[in-house]
Amino acid sequence: MRVVLDTNIFVSSVLGGKLSVIIDEWKAGKFKLIVSEAIAREYLDVINRPKFKIPQVEIVTATEYLLQNAEFVTPEEKIVVIIADPTDNKFLEAAVVGKVNYIVSGDGHLLDLGFFREIPIIKAADFIVLLNS
């Protein structure tokens, strides 16, 4: 299974709690994380924000794992579908070029689409159910 995680899902997974199972299942090989350079840059920018109080060792571990184990894609098409927050379009671009099965998001702009070019856009809870089935 090939998956794009939006930034809030990735960061929430790194922070722990209910969504940490997503990172655990990625590490267990249950799915391939697809990212573009823009997505990875955003992930790393956000997990480094002081407000999250993520210990430096965890940031380094998450960063190294991301860089070594995510599949990096280079979007070939500029997609402009989400007008209210154009930065969300990068997830659609990576999903298309990466031929993903799902986009997992907690972002209303993405979730409101439901699907993009036949790629389901689902909530983290629904993705966790899929991983466990």
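Two strands pair if DSSP finds at least two bridges between them. Helices (H or I, at least four residues) and strands (E, at least two) are DSSP runs, numbered from the N terminus.

This is a predicted model, in which local features need pLDDT of at least 70, side-chain atom pairs count only at pLDDT 80 or more, and totals for chains, interfaces and linings use all residues. Residues are numbered from 1 along each chain as its sequence is written, and side-chain values use heavy atoms, with hydrogens and water left out.

E5 and E6 form a hairpin with two residues between them. In the turn, Arg117 has a positive phi of about 50°. The pairings of E6 are as follows.

**Helix H3 and its surroundings**

In helix H3 (residues 37-47), the buried residues are Ile39, Ala40, Tyr43, Leu44, Val46 and Ile47. Viewed down the axis of H3, they fall within an arc of 165°, so they line one face of the helix; the arc is that of the directions from the helix axis to the C-beta atoms. Glu37 and Arg41, on the other side of H3, are exposed.

The elements against which the buried residues of H3 pack include strand E1 (2-5), helix H1 (7-15), strand E2 (32-35) and helix H4 (56-69). Strand E3 (71-72) and helix H5 (89-97) are also among them. Contact here means heavy atoms within 4.5 Å.

**The contact of H3 with H4**

The axes of H3 and H4 are 11 Å apart and pack at an angle of about 175°. Axes are lines fitted to C-alpha atoms, for helices over the stretch in contact, and angles run from 0 to 180 degrees between N-to-C directions. H3 and H4 are therefore roughly antiparallel to each other, a term for angles over 145 degrees.

From H3, Ala40, Tyr43, Leu44 and Ile47 meet Ile59, Ala62, Thr63 and Leu66 of H4. The residues of this contact divide into seven nonpolar, one polar and no charged. Ala, Val, Leu, Ile, Met, Phe, Trp, Tyr, Cys and Pro count as nonpolar, Asp, Glu, Lys and Arg as charged, and the others, Gly among them, as polar.

Thr63 lies in helix H4 and counts as buried at 18% relative accessibility. Apart from its neighbours within four places in sequence, Thr63 is in contact with Leu44 and Ile47.

Conventions
Buried means under 20% relative accessible area, exposed over 50%, partly exposed in between (1.4 Å probe, protein chains only). Angles under 35 degrees count as roughly parallel, over 145 as roughly antiparallel, 65 to 115 as roughly perpendicular and the rest as oblique.
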